[in-house]
Amino acid sequence: MERVQPPASRHARPPPHAAQRFARSATVTDAAARALGGVHAGLWLRPIGARDEAALQRLFARLTPVEIRRRFLYSVRELPPGAALRLCTPDGVHEQAWVIAGSAAAGAGELHGVGRMFADPVCRSAEFALLVERSHAGRGLGRRLLQQLLAFARANDLNELWSHVAGDNQAMLALARGHDGSLTPVAGDPGVVQVRIPVPAA
């Protein structure tokens, strides 16, 4: 789901704001909502928006403690004040986020999945995270979100996506393997695996 600052961060910090370094990046506002057909009929893949704040809070409230731990790598009972709005308003420069939603319009319908990335064009990589709620798991929605992130990364000349993943998050690890990802245990952090997924050529 979404990035909440843990007690001891396991994640790289996003690069500092420097407009000249990111001048070539396409932003999340370039992406249009797309209807997902077939078994995903009635769902949309689109950028997250500020009006999704309440829906994001509802999505978080539906998560189990296991889902929360697998996403954040630590336990948290609720989003801190102001966190939902911030997570719904990525800067569109180095932070991008897309959602699986029940409506093409932000603020209408429920959110069922979120994909987010923090790009660093200097290192030509991006930290990423995915979440699909359990009622919609196993339907290929995580793959759709990951493919959207990879498409953005490719358009912005990035070489790879990386993430720290709970070792028991078999769905995420399998998704990474299915995209030629490498899995490496994180030294000093038992139960956590670093996933690195190469960005495929166009």
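## Close-up views of a predicted model

Residues 24 or more positions apart account for 67% of the contacts (heavy atoms within 4.5 Å) in the chain with a separation of 6 or more. This is a predicted model, in which local features need pLDDT of at least 70 and side-chain atom pairs count only at pLDDT 80 or more, while totals for chains, interfaces and linings use all residues. Residues are numbered from 1 along each chain as its sequence is written, and side-chain values use heavy atoms, with hydrogens and water left out.

**View 1. The whole chain, element by element.** The chain has 5 helices and 8 strands; these are DSSP runs numbered from the N terminus, with helices being H or I of at least four residues and strands E of at least two. Starting at the N terminus, their order is β-β-α-α-α-β-β-β-α-β-α-β-β. Of the 202 residues, 50% count as buried. Here buried means under 20% relative accessible area, exposed means over 50%, and partly exposed lies in between, using a 1.4 Å probe and protein chains only.

**View 2. Helix α1 and its buried side.** Look along residues 53-62 and you will find the buried residues of α1: Ala55, Leu56, Leu59 and Phe60. They share one side of α1 because they cover an arc of only 140° around the axis, the arc being that of the directions from the helix axis to the C-beta atoms. A handy reminder: an α-helix has 3.6 residues a turn, so residues three or four places apart point the same way. The packing partners of the buried α1 residues are α2, α3 (83-87) and β4.

**View 3. Helix α5, with its two faces.** In α5 (residues 170-178), Met172, Leu173, Leu175 and Ala176 are the buried residues. Their arc around the axis is only 160°, which puts them on the same side of α5. On the face turned away from that buried side sit the exposed residues Ala171 and Gly178. The buried residues of α5 pack against β5 (125-132), α4 (141-155), β6 (160-166), β7 (182-185) and β8 (192-198).

View 4. A nonpolar core is a set of buried Ala, Val, Leu, Ile, Met, Phe, Trp, Tyr and Cys residues joined through side-chain atoms within 4.5 Å. The largest one has 29 residues, and Met117, Phe128, Leu130, Leu146 and Leu161 have the most contacts inside it. At least two residues each come from β2 (43-47), β3 (95-101), β4 (111-120), β5, α4, β6, α5 and β8. Helix α4 gives the most to this core, with 7 residues. Leaving out residues up to four places away in sequence, Phe128 touches Arg116, Met117, Leu146, Leu149, Leu161, Trp162, Ser163, Met172 and Ile197. Apart from this core lies another, of 21 residues, among them Val76, Leu87, Val99 and Leu131.

View 5. The volume of the largest pocket is about 510 Å³. A pocket is an open set of points, on a 1 Å grid over the protein atoms alone, where a 1.4 Å probe fits, with protein on both sides within 12 Å along at least five of seven lines; lining residues have an atom within 4 Å of a point. Grid points are joined across faces, edges and corners, and the volume is the space filled by probe spheres set on the points. The lining has 21 residues, of which Val132, Ala137, Asn169, Ala171 and Met172 lie nearest the pocket centre. Helix α5 gives the most to this lining, with 5 residues, and α2 (65-72), β5, α4 and α5 each supply at least two. By class, the lining has 10 nonpolar, 5 polar and 6 charged residues. Ala, Val, Leu, Ile, Met, Phe, Trp, Tyr, Cys and Pro count as nonpolar, Asp, Glu, Lys and Arg as charged, and the others, Gly among them, as polar.

View 6. Arg124, in the loop between β4 and β5, has a positive phi of about 55° although it is not a glycine. Its relative accessible area of 39% makes Arg124 partly exposed. Asp180 is found in the loop between α5 and β7 and also has a positive phi, near 60°. Asp180 is exposed, with a relative accessible area of 65%. His136, in the loop between β5 and α4, is buried at 13% relative accessible area. Neighbours within four places in sequence aside, His136 is in contact with Leu43, His112 and Leu141. The C-alpha atoms of His136 and His112 are separated by 6.9 Å, with the two residues 24 apart along the chain.
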